[in-house]
Amino acid sequence: MKTAIIRQKFLDFFGKKQHKVEKSAPLIPQDDPTLLFISAGMAPFKPYFLGLKTDISRAASCQKCFRTTDIENVGYTARHHTFFEMLGNFSFGDYFKKEAIAWAWEFITKEINLPVDKLYVSVHHTDDEAWQIWNRDIGVAADHIVKLGDKDNFWTIGIGPSGPCSEIYIDQGEEIGCKSPDCAPGCDCPRFLEFWNLVFTQYDRAEDGSLTPLERKNIDTGMGLERLASILQGKKDNFENDVFSGIVKKTEEITGRRFSEQGKIRTALKVVSDHVRALSFALADGALPGNEGRGYVLRKILRRASRFGFSYLGQDKPFLHQIVPTVAEIMAYYPEVKENADHIIRVVKNEEERFLQTLKTGSEILNQHLDELRKAGNSTLTGEKAFLLHDTYGFPLDLTREICREQNLLVDEDGFNVELEKQRQRGRANVVSAFVNFSAVNPGDYPETIFSGYEKMQDTGKVLAVVTEGDQTIVIVDKTPFYAEAGGQVGDNGQIVCGKAFFNVKTTEKAEGVYLHIGSWASGNTFAAGATVDLIVDTKTRRATMRNHTATHLLHKALQEILGDHVKQAGSYVTPERLRFDFTHFASIGPDIIAQIESRVNEKILDALEVKKQEMAYDEAVKSGAMALFGEKYGDRVRVIRVGDYSKELCGGTHINNSAEIGLLTITSESSVAAGVRRIEAVSGSSSLEIVHSLKQSERELTRLLDCEQKNLLHKAEKIVSENRELKRELDKLRKSQAMGKIDQIRAAARQISDVSVILSRTDDLNVDEMKELCDELVSNARGKTLALLATGGEKAGFVIKISKDLVQKGLHAGKIIKEVAKVAGGSGGGRPDMATAGGKDVEKIDEAMAQAEQLISQALTR
């Protein structure tokens, strides 16, 4: 039975049982920033299990899943996968054990006709209810029911909902088992293969481990589609079922290796096939390779696949991307892979190209270390060497570990972590605050500061401490309107005043909830402890910062609308002067698209959208559709910033009240900051107006210089550029003609060395390109046995050498000769055996270099 038929049968079966059949959710969690990927069928239904949503009471799905826990096992076993499909049926306070067990048995015995005599089930050793349903109601023989403990048959996440589970197994045959008379479900051997898990969530587990029955009981079942397909197709290895065999076959075609070869070849084909399928789906759903979080996971599996291809399948050039169209075709049930195929191919190819050079260099160095290790009779690679590979050559620890594992060697990972921590400590020591590291301030000595800056920019507070080191001072108060740097927004500046004492706040930071006002004295030199002070935020800079911060929210939304949903914030920095926004996207953005993005933001600014700020529970905020940023840590209560109906994000920063206050947004640059991460810099408000004024001033100057009206400026500039280009062509033609006019004079100065015509000449009025053409002419028109070396001197020395092919065949090498010549003039160079170029810093040494050239050439020709 084909995988597509099994999938449809399952969904149709539970659809007839009044389950709402849901489409698979994307692999990237839409409303749970705590998850890297969706890794189980129940994950998208979490709000229903928690009672936050109640519009459906039972559901079924075939969910795309991505698991990261067993990546290093993929390829070595028959069942491990990174990406897989999970069939599941779920009850949210509706039916329970009796129906879940009965329907599971009906599906496997009636719908897909698995042989009853080969089926076994396990139950938790305390779950007599499930045992009786299986035995008395369903009719499963007692010797086909096994009671197992918590490890195998109790589901829990620690504290919270939990319960016993019942698993369904198929007996694959005694011949592949351990041959033990006690072999049964739960044995570590592959004979009894578990393929469906029915979880009965009936308890609330307390911190002390005690279990309290839940009033609202749930059912959560999961069955791996790949595993079930292999069972029905009679395959002992998932990579031989109808889905994977097509992907494996394509990998065989590309690499010329065969799955039947066993050993490392078979493992490599599995790794590549699995990882390309996983990458295709993750990239289609908006993830991108990177250095953190889910991006790191994708980069890890791509590099692992590339390494297996390089080491065992003979692939020293990018090849993974060639498998993507096959994945799209075979997995057509999910159209997103085909729809995003061009994007997936581009990302995979780009990543692999970048990694292969690292792989080649790192593999060579690692193999040298391992050879030395074996010669010394050791079996563990030191942490220092593993870290050197990671730090200097970018060779990941997981690859080092896996390569060592393949050779039955170990890695001192504790030693690696020691070196990594040393590096972090060095980094921390080098990153000193722009102000002062105040060792005398212990935040734990003070209560958390009350922040009043959302509502006001001037307030009073009581002084808790004043700490001075050198010419910098920290003032700590109980309440402040000053925003402390956080979430990419810089800290406020302003003044703190008490009587005649004035303290200039340069910036505000916080540590453990305590706000640190950092600055220096304008007058006076302290505030008395307990004194009441006026805290006055610089309104102009704060409002400018607020404009830029709200603008980043509009920019984020505009980027998602125009570039796609894969765009996610990867960092931001908001100051009064400008904003910087980093986001996930894999290609540079052309000027036309930048103009679209800028226009979209300014359109929303002109719409004068109200900016609402609301504090609410985190779960409520996410449920309302507010965008939570992956990797950010949120408390139980969060602040939601809503710009009209356009943008809605969780954000603790300060914002304006209406989008019109931004005035105008001008994008000043777009660039790359890392693989898969782009950066846009922009300004708003008065800074944006300054750019407009500057451009208008430049325009006026250009119209004056070019003596034309503003409307004709572009035409006039194009005309001048065209005329200049034509004049340059004419000049180049004239210079070439003059150079060629010297050819007879230069050729006449040739000298014979061992029947070879050697031309050495200074041509200071020619550039290197002109000398290359002249050398080509001198040697090409001669009848062999000719060597020409020309030199020029301007600001720097330049050399060009050309050697006829017959001399190259005799062992002369232009690149090697010119390298030695250039050294005399303080330079370097190189090139092909027949032609090479070089430069030098010391023009005064050109004649000396040419004399050295003649000596080198004579020695080479008279040997």
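Predicted model: local features only at pLDDT ≥ 70, side-chain atom pairs only at ≥ 80, totals over all residues.
Let me start with Arg 7, which lies over the face of Tyr 333 at 4.1 Å from the ring centre, where a charge counts as sitting over a ring if NZ of Lys or CZ of Arg is within 6 Å of the ring centre and within 35 degrees of the ring normal. The charged end of Arg 405 likewise sits over a ring, that of Tyr 76, 4.4 Å from its centre. Residues are numbered from 1 along each chain as its sequence is written, and side-chain values use heavy atoms, with hydrogens and water left out.

Now to the aromatic pairs. Rings of Phe, Tyr and Trp (its six-membered ring) pair if their centres lie within 6.5 Å, and planes under 30 degrees apart count as stacked, over 60 as edge-to-face and the rest as tilted. By that rule there are 30 aromatic pairs. Tyr 76 and Phe 308 form an edge-to-face pair, because their ring centres are 6.5 Å apart and their planes stand at 70 degrees. Tyr 76 is in the loop between strand 2 (58–66) and strand 3 (83–92), whereas Phe 308 is in helix 9 (residues 293–312), 232 residues apart; helices (H or I, at least four residues) and strands (E, at least two) are DSSP runs, numbered from the N terminus. Tyr 76 is partly exposed at 31% relative accessibility, while Phe 308 is buried at 0%, where buried means under 20% relative accessible area, exposed over 50%, and partly exposed in between, with a 1.4 Å probe and protein chains only. Phe 10, Phe 13, Phe 14, Phe 107 and Trp 196, in turn, form one aromatic cluster.

My last topic is salt bridges, each being a side-chain nitrogen of Lys or Arg within 4 Å of a carboxyl oxygen of Asp or Glu, and the count comes to 51. In one of them, Asp 127 meets Lys 97 at 2.7 Å, N to O, and this pair links distant parts of the chain, with Asp 127 in the loop between strand 4 (119–124) and helix 4 (128–138) and Lys 97 in helix 3 (residues 97–111). Asp 127 is buried at 5% relative accessible area, and Lys 97 is buried at 2%.
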